[in-house]
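Student: I have a model open on my screen and would like to learn how to read its features one at a time. Could you take me through them, giving the general idea before each case?

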Amino acid sequence: VLPAALIAGTRRAALLTVLGLALGLWRTGFGPEPVAPSEGWQSQRCVVASIPTVGRMDGWVCDVASDAMKFRARFVSAEPDLIPGDRVVLFGNLRPRTLASGEQAWVLDRTRIEHLEYRGSRIWKWVASVRRRYVEFIAATTPENAGIMDALTIGAREYLPEGEPAKFAAAGMLHAIAASGLHVFVLAAFAEFLLGLLPVPRYAIILGVAMLLGVYLLASGLHPSTLRASIAAVAFRSAYLVRRESDLLSALSLASLIVLAMDPGELTRLGFQLTMVAGVFLSLFARYEPLGERGLIPYARNWFGAQLRLGILATAVTAPIVAFHLHELSLAAPVTALAVAIFLPVVLVLAMGGFCVQFLVPSVGAGMILGASQLTGNIQGIASLAAEWRWASVSVPPFPGWWIAVPFGAALAVWRPTVRPA
């Protein structure tokens with residue numbers, strides 16, 4: 001509703017929306033009330049929410065959701081024959097546990113399937129096979145850096161060494177090892193630039209971008225954040241096909257409506273909130289100015305300055321939500337965001353390009369993967385260095401969710417619409 005009100009150009013409607021949001025948060029809180037389940041061996045009727053993945057220490061794991069809570073099911077024997085959307089009855093030992101990422105979660109340990117009540121869409125089998133083939137290709141090409149490559153490209157953090165995700169979180173670089181909108185927009189921009197060099201019509205460029213994002217969606221396991229960003233990226237570029245001007249807020253609104261229609265629970269999840277807040281406020285407050293072409297050094301200086309300003313703005317607008325969910329704020333995030341902007345696009349483009357090319361020329365695809373692997377050490381080194389800084393992050397005490405509406409409302413109150421010159 002908020003992006004729609006802003007698109008309409010009425011600040012009064014936007015402020016009324018913020019007021020309604022504040023009242024809603026005051027009445028209901030920021031998300032559902034936590035449920036304290038009982039520990040021990042028990043049966044759970046639930047719906048599978050993710051593709052089963054294998055970790056080095058945790059066996060096969062997948063996310064599931066019951067009527068009362070969400071938790072992680074761990075299978076220690078063989079890969080479970082489960083796909084998202086399956087309704088099953090699982091039996092196991094439910095207990096709290098600290099995951100490798102440092103997060104606290106409930107885990108149904110030593111799970112076995114008692115009964116399969118309903119089978120989800122078989123398309124997930126195809127998605128799982130593409131994701132598994134990508135992971136196996138990376139592991140076969142660069143086994144020493146396979147874990148960090150999987151995390152940086154498709155958000156597969158289950159292969160990272162223990163404690164590594166905590167370093168990225170303290171350095172403000174957690175979005176780099178999560179399948180996020182950043183990865184999608186990098187790939188879309190690269191594909192658009194590359195196809196734009198060819199003598200092809202505009203609709204062919206849009207189709208090529210959509211096809212590349214489709215491959216990435218399969219490799220990342222149709223993650224909600226990548227699906228949301230892919231819809232927004234394609235919708236933003238498809239405005240040309242209906243002779244309309246591209247508008248990022250409209251594209252974000254369309255993507256959010258589709259994703260929320262598929263799963264209304266996305267509204268209370270951290271990834272959705274960060275994507276929408278960052279997208280909306282960057283669209284409203286960021287000023288995209290020409291970098292100029294006076295020489296390599298001035299161009300590079302202007303580009304670095306623009307990336308640093310965007311990093312500071314993105315960190316500032318997402319800070320209230322990060323503080324509410326994680327009770328921690330990274331002070332190094334604006335600087336480390338610059339490092340992510342330099343190295344991650346190269347790693348991502350080489351990795352996904354190598355995966356696609358290896359079907360035609362295996363040696364070239366493997367070479368691209370090895371090139372991307374050489375850059376992962378730079379990203380890991382920056383994350384380790386920033387995490388060791390004494391003031392890299394600060395703890396934030398818990399606070400009511402409706403307080404978040406205060407800084408956002410104040411920011412929208414000072415926002416002024418800009419008119420593009422004719």
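Tutor: Let us begin with helix length, for which one rule is needed: the expected span of a helix is 1.5 Å times one less than its number of residues. Please keep in mind throughout that this is a predicted model.

Student: What span should the 16 residues of helix H6 have, and how far apart are its end C-alpha atoms?

Tutor: Helix H6, residues 181-196, should span 22 Å at 1.5 Å a residue, and its end C-alpha atoms are 22 Å apart, which agrees.

Student: Which residues of H6 are buried, and what covers them?

Tutor: The general idea is that an α-helix has 3.6 residues a turn, so residues three or four places apart point the same way. In H6 the buried residues are Gly181, His183, Val184, Val186, Leu187, Ala188 and Ala191. The cover over the buried residues of H6 includes helix H4 (146-154), helix H7 (202-219), helix H8 (224-238) and H12.

Student: Which residue forms a salt bridge with Asp109, and where do the two partners lie?

Tutor: Asp109 forms a salt bridge with Arg95, the closest N and O atoms being 2.7 Å apart. Asp109 belongs to strand S6 (residues 104-118) and Arg95 to strand S5 (residues 87-98), so that the pair links distant parts of the chain, 14 residues apart. Asp109 counts as buried at 7% relative accessibility, while Arg95 counts as partly exposed at 27%. A network of salt bridges links Arg74, Arg95 and Asp109.

Student: How should I read aromatic rings, and how many aromatic pairs are there?

Tutor: A pair of aromatic rings is described by the distance of the centres and the angle of the planes. The count here comes to seven aromatic pairs. In one of these, Phe137 and Phe355 are tilted, with 6.4 Å from centre to centre and 50 degrees between the planes. Since Phe137 lies in helix H3 (residues 123-141) and Phe355 in helix H12 (residues 333-357), the pair ties together parts that are 218 residues apart in sequence. Both Phe137 and Phe355 are buried. The rings of Phe324 and Phe399 have their centres 5.7 Å apart and their planes at 70 degrees, so that pair is edge-to-face. One aromatic cluster is formed by Tyr134, Phe137, Phe355 and Phe359.

Student: Which charged residue lies over the face of Tyr118?

Tutor: Arg87 lies over the face of Tyr118, at 4.6 Å from the ring centre; likewise, Arg202 lies over the face of Tyr240, at 4.9 Å from the ring centre.

Student: Finally, how many disulfides does a search of the whole structure find?

Tutor: A disulfide is a covalent bond between the sulfur atoms of two cysteines. The search of the whole structure finds zero disulfides. For Cys62, the closest cysteine sulfur is in Cys46, 8.0 Å away, which is too far for a bond. Cys62 is buried, with a relative accessible area of 1%, whereas Cys356 is partly exposed, with a relative accessible area of 29%.

Technical notes
Residues are numbered from 1 along each chain as its sequence is written. This is a predicted model: local features need pLDDT of at least 70, side-chain atom pairs count only at pLDDT 80 or more; totals for chains, interfaces and linings use all residues. Side-chain values use heavy atoms; hydrogens and water are left out. Rings of Phe, Tyr and Trp (its six-membered ring) pair if their centres lie within 6.5 Å; planes under 30 degrees apart count as stacked, over 60 as edge-to-face and the rest as tilted. Helices (H or I, at least four residues) and strands (E, at least two) are DSSP runs, numbered from the N terminus. Buried means under 20% relative accessible area, exposed over 50%, partly exposed in between (1.4 Å probe, protein chains only). A charge sits over a ring if NZ of Lys or CZ of Arg is within 6 Å of the ring centre and within 35 degrees of the ring normal. Contact means heavy atoms within 4.5 Å. A disulfide is a pair of cysteine sulfur atoms within 2.5 Å. A salt bridge is a side-chain nitrogen of Lys or Arg within 4 Å of a carboxyl oxygen of Asp or Glu.
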